[in-house]
Amino acid sequence: NPGPQGLSGDLAGLQGASEALSKHLRSLPASVLPLPVTSAQSSSASLRGCAPLPACPHALAQPALDPTLLATRSVPKCITPHTMVLSLEGSGKWPDDPQAFQRTKTAFLLSIAQGLQAPEIGLHCACAPDHLDVLCE
């Protein structure tokens with residue numbers, strides 16, 4: 001059982017990963033993303049410091065996975081997501097048709113994923129039509 005310092009250290013690590021991701025998103029060049037990301041804000045209780053039990057790092061998301069870990073304890077198969085909301089620079093050129101808007105949004109998510117997966121950033125991403133999953137350490 002981690003003590004209070006362990007929990008605050010986990011929260012600091014989570015907030016550090018969130019800040020690093022936000023910095024990467026805001027630094028994506030215009031060649032990757034037509035409209036720059038102006039802000040990335042957390043909507044997750046853990047990242048806002050409001051969760052009753054702060055999230056702990058997932059065992060499978062560690063840079064060096066201990067092979068005995070899976071044999072010695074139960075490890076959840078899913079990683080708890082921490083949601084962020086992105087704001088893009090304003091534009092009057094968004095489509096009015098809802099389906100066209102959704103396709104444009106998906107294209108933006110794909111572009112963001114490509115930018116984050118570039119060798120200089122190197123994050124793992126999985127894109128869906130309505131959201132983007134990014135695995136950060």
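**View 1. Confidence along the protein chain.** The protein chain of this predicted model has a mean pLDDT (the predictor's confidence in each residue, from 0 to 100) of 81, with 77% of its residues at 70 or more. Helix H3 (residues 98-117) has the highest confidence, at a mean of 94, while helix H2 (residues 69-72) has the lowest, at 64. Helices here are DSSP runs of H or I, at least four residues, numbered from the N terminus. Because this is a predicted model, local features need pLDDT of at least 70 and side-chain atom pairs count only at pLDDT 80 or more, whereas totals for chains, interfaces and linings use all residues. Residues are numbered from 1 along each chain as its sequence is written, and side-chain values use heavy atoms, leaving out hydrogens and water.

View 2. Where pLDDT is low, predicted coordinates should not be read in detail.

**View 3. A cluster of rings.** The whole structure holds 2 aromatic pairs (ring centres within 6.5 Å, using the six-membered ring of Trp; planes under 30 degrees apart are stacked, over 60 edge-to-face, the rest tilted). One is tilted: tryptophan 94 and phenylalanine 101 lie 5.5 Å centre to centre, with 55 degrees between the planes. Ring pairs join Trp94, Phe101 and Phe108 into a cluster.

**View 4. Threonine 106 in helix H3.** Threonine 106 is buried, at 18% relative accessible area (buried is under 20%, exposed over 50%, partly exposed in between; 1.4 Å probe, protein chains only). Leaving aside residues up to four places away in sequence, threonine 106 touches Cys127, Ala128 and Pro129.

Note on methods: Helices (H or I, at least four residues) and strands (E, at least two) are DSSP runs, numbered from the N terminus. Contact means heavy atoms within 4.5 Å.
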